Amino acid sequence: GFVDIADEALADSVRQGMDRVERLLRESVRSDLEFATRTSLHLVDAGGKRFRPLFTLLAAQFGDPDADEVIKSAAVIEMIHLATLYHDDVMDEATMRRGATSANARWDNSVAILTGDFLFARASRLIADLGGAAVREMAGTFEALVTGQMRETVGVGEDEDAVEFYLKVIFEKTGSLIATAGRFGAWFSGANEATIDGLERIGRIIGTGFQISDDIIDIASPAKESGKTPGTDLREGVRTLPMLHALADPDTSPRLRELLSRPLTEDAEVDEALELLRGSSGLARTRATLDEYADDARKELASLPDVPAREALSALVDYVVARTR
Ligand code: FPP
Ligand code: MG
Ligand code: MG
C-alpha cells in the first residue's frame, strides 16, 4: 500500500488483517434491500486508502493483532468514516470523491444522506459487540465529529482567534476519529493502559496533521491526483490554514485578500485564487506547521515499546506529511 513496511512478518500480519477488515466491511453493508447494498458499496469500492483501519491494525501490534475485536473495531472506524463522507459531500455539494462520482451526484442528496445513516446503523451493531465502554467511546467521538462539522458551518466568532478555531474544528471533525482508531487498535489487542493512551495521542496528532494535509491538497493537488475537485474549500467559504496564514502575511496581495473574503462562485475566480495561494507564503508556512506535527508525533512514538510496528508508524507519519491524495 502507501506505507512501506520493512519487517516481513509485520507486513504479512497487516495484510492478513486488512483482508479480514475488507471482508467484514463488505459483509456488514449487505442488505435485503439490494439498492442499499449498492449505494453503500459505492464508496467502499471507490478505493480509499484505508488509512484509518491501517492505523488501527498497526496500533494493535502492541498486543494481539489477530483478535476478532481488533478487526471489528478497524471495520467500524472505516464505516463511520464512510458515513461522514456521504454526508460531507452533500454539505460541500461535492461531485467527486475518491476519483469516482460522489453519491449525491450519482443519485441525489436523499440517497446520499440515507446511505450515510445506513452505514452508521450497521456500524452501531458492530460497536455493540465490542461492549458498553466502546459504545460510550464511539458516542463521544461521533459527537466530536458532528460538533466540528457544525462549528465549521457556523464559522469563527468575532473575538475568537481564527487559527485556534481552525485547529479546534479539524481536531473535532478529523482528529477525533483517528485518535479513536489508535485507541481501539491498542485497546482491543490487549495492550497496557500507557500504550493505549500513547496511541490515542499519536492519533490526535496525525489526525490533525492529516486534515492539514487535506487542506493543502484542496489547493495544491490537481483532481486527477487527489480524486476530488480542487478549490472546494474556497467555494464553500471554509477558511483553511493556508488561507489564514496568507491573510496574516502583510505582503499578501490585495487581490488574494479580496478573493478570500467571500465564498467564490465563479470557476475563473476559484482558479485565480488557487494560483495565488499555490505561490503564497501561506502554503509554505502550512507545510512548515505540518512538519512540526510530524516531529511531535515522532516524539510520542519514541515513548512506545520498541516493536517493529513503531517503524511502520513512523512511515505512516512521513506519509501524512508527504501525501498528495
Ligand atoms: C471532511 O472534511 C469531513 C469530515 C472529516 C467530518 C464530517 C462530519 C460529518 C459530516 C458529521 C455527520 C455525519 C453523520 C454520519 C451523521 P472536508 O470536507 O474538509 O474533507 P474532504 O476534502 O475529504 O471533502
Ligand atoms: Mg468535503
Ligand atoms: Mg466538508
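Start by selecting helix 2 (residues 34-45) and helix 6. Their axes are 10 Å apart and the packing angle is about 90°, so the two are roughly perpendicular to each other. Some ground rules: this is a predicted model, in which local features need pLDDT of at least 70, side-chain atom pairs count only at pLDDT 80 or more, and totals for chains, interfaces and linings use all residues. Residues are numbered from 1 along each chain as its sequence is written, with chains lettered from A and ligands numbered from 1 in the order in which they are written.

As for terms, helices are DSSP runs (H or I, at least four residues), numbered from the N terminus. Axes are lines fitted to C-alpha atoms over the stretch in contact, and angles run from 0 to 180 degrees between N-to-C directions. Under 35 degrees counts as roughly parallel, over 145 as roughly antiparallel, 65 to 115 as roughly perpendicular, and the rest as oblique.

Now show side chains: Ala36, Thr39 and Ser40 of helix 2 meet Val111, Thr115, Phe118 and Leu119 of helix 6 (contact means C-beta atoms, placed from the backbone, within 7 Å). By class that is four nonpolar, three polar and no charged residues. Here Ala, Val, Leu, Ile, Met, Phe, Trp, Tyr, Cys and Pro count as nonpolar, Asp, Glu, Lys and Arg as charged, and the others, Gly among them, as polar.

Next, pick helix 1 (residues 8-28) and helix 3 (residues 51-59), whose axes come within 10 Å and cross at roughly 130°. That makes helix 1 oblique to helix 3. Look for Val14, Gly17, Met18 and Val21 on helix 1, touching Pro53, Leu57 and Leu58 on helix 3. This contact has six nonpolar, one polar and no charged residues.

Move to helix 8 and helix 9, packed at about 145° with axes 6 Å apart. Their contact divides into 15 nonpolar, nine polar and three charged residues.

Last stop: Gly157, in the loop between helix 7 and helix 8. Its C-alpha atom is 13 Å from that of Arg239, 82 residues apart along the chain.

Definitions and conventions:
Two residues are in contact if their C-beta atoms, placed from the backbone, lie within 7 Å.
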